[in-house]
Amino acid sequence: MNLLTQNSKLKKTSKELGVRVFNFGIPAYKSASGKLTCPMADACVKFCYAKKGAYIWSNVQPAFEKRYQLSKTDQFVGKMYDEISKKKPNYVRVHDSGDYYSKKYLNKWIDIALLFPEVRFYSYTNMVKMMLYTDLPSNFDIIFSDSGKQKHLINERKHRHTKIFKCNSDLVRSGYVDASSIDLMATKWFNKTNKVGLVFH
């Protein structure tokens, strides 16, 4: 089972920036058994890109489900260690689909990041409260999504966050950095502001 893959956006990001960017995904919003994988999702459920296109191909969903089931086991950190050691990414996007469904699961990713200080990990998340009470290592970056149940906890002056715009000109006019096509523009390593703009597609 491939634990780290590349979607089309990350392939483009890798090519444009000359780095190796991989992603880890679990089912969007709910698992096959109905367990919430995005507990604080709200409006985003309606337009979630991970619930359409290639993400809903019949051969893709079982892979997400297998990763989710593995993520709940004690073997997860070791399996991810092996995968990262083999594929040697520079950056890992945790969740092109899904979210940190529990603090225990988040702690596993922190353990993984600590094992690879030379690799940079990043995520979009709606789990605002949990992140505000978590100390992340310096090679871990979080971008708060603006469409979840806890968006009221986001301090836009202080926290890295997203806003979705209808067009690029609106995004630029509002002072946001466009991360629509080059994914790493959302991160602190490429975007020195805390404003991450995405054009609705």
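A pocket is found on a 1 Å grid over the protein atoms alone, as an open set of points where a 1.4 Å probe fits, with protein on both sides within 12 Å along at least five of seven lines; its lining residues have an atom within 4 Å of a point. The model shown in these views is predicted, local features need pLDDT of at least 70, and side-chain atom pairs count only at pLDDT 80 or more, while totals for chains, interfaces and linings use all residues. Residues are numbered from 1 along each chain as its sequence is written, and side-chain values use heavy atoms, with hydrogens and water left out.

**Figure 1. The second largest pocket and its lining.** The lining consists of Met131, Leu132, Thr134, Leu136, Phe140, Asp141, Ile142, Phe144, His159, Arg160 and Lys188. Strand β4 gives the most, with four residues. The pocket has a volume of about 190 Å³, taken as the space filled by probe spheres set on the grid points, which are joined across faces, edges and corners. By class, six lining residues are nonpolar, two are polar and three are charged. In this count Ala, Val, Leu, Ile, Met, Phe, Trp, Tyr, Cys and Pro are nonpolar, Asp, Glu, Lys and Arg are charged, and the others, Gly among them, are polar.

**Figure 2. The salt bridge between Asp141 and Arg160.** The closest N and O atoms of Asp141 and Arg160 are 3.6 Å apart; a salt bridge requires a side-chain nitrogen of Lys or Arg within 4 Å of a carboxyl oxygen of Asp or Glu. Asp141 belongs to strand β4 and Arg160 to the loop between β4 and β5, so that the pair links distant parts of the chain, 19 residues apart. Asp141 is buried at 7% relative accessible area, and Arg160 is buried at 12%. Here buried means under 20% relative accessible area, exposed over 50%, and partly exposed in between, with a 1.4 Å probe and protein chains only. Both Asp141 and Arg160 are also among the residues lining the second largest pocket.

Figure 3. The side chains of Lys9 and Asp183 meet in a salt bridge, N to O, at 3.2 Å. Lys9 lies in helix α1 (residues 8-17) and Asp183 in the loop between β6 (177-178) and β7 (195-199), so the pair ties together parts 174 residues apart in sequence. Lys9 is partly exposed, at 21% relative accessible area, whereas Asp183 is buried, at 0%.

Figure 4. Asp170 and Arg173 form a salt bridge with their closest N and O atoms 2.7 Å apart. The two are three residues apart in helix α7 (residues 168-173), and therefore separated by about one helical turn. Asp170 is partly exposed at 27% relative accessibility, and Arg173 is exposed at 63%. Elsewhere, salt bridges that share partners join Lys9, Arg93 and Asp183 into one network. The count of salt bridges comes to seven.

Figure 5. A nonpolar core is a set of buried Ala, Val, Leu, Ile, Met, Phe, Trp, Tyr and Cys residues joined through side-chain atoms within 4.5 Å. The largest has 32 residues, of which Phe24, Met80, Tyr100, Trp109, Ile112 and Phe121 touch the most other members. At least two residues of this core come from each of β1 (21-24), α3 (61-71), α4 (76-87), β2 (91-94), α5 (103-115), α6 (128-132) and β4. Helix α5 gives the most, with six residues. Leaving aside neighbours within four places in sequence, Trp109 is in contact (heavy atoms within 4.5 Å) with Phe24, Phe76, Met80, Val94, His95, Tyr100, Phe121 and Phe140. Apart from this core lies another, of 13 residues, among them Tyr91, Tyr122, Leu184 and Leu198.

**Figure 6. The buried residues of helix α3.** Phe64, Glu65, Arg67, Tyr68, Leu70 and Ser71 of α3 are buried. Their cover includes β1, α4 and α5.

**Figure 7. Gly148 beside Met40.** Gly148 is in the loop between β4 (140-144) and β5 (161-165) and counts as buried, at 2% relative accessibility. Gly148 and Met40 are 108 residues apart in sequence and 5.6 Å apart in space, C-alpha to C-alpha.
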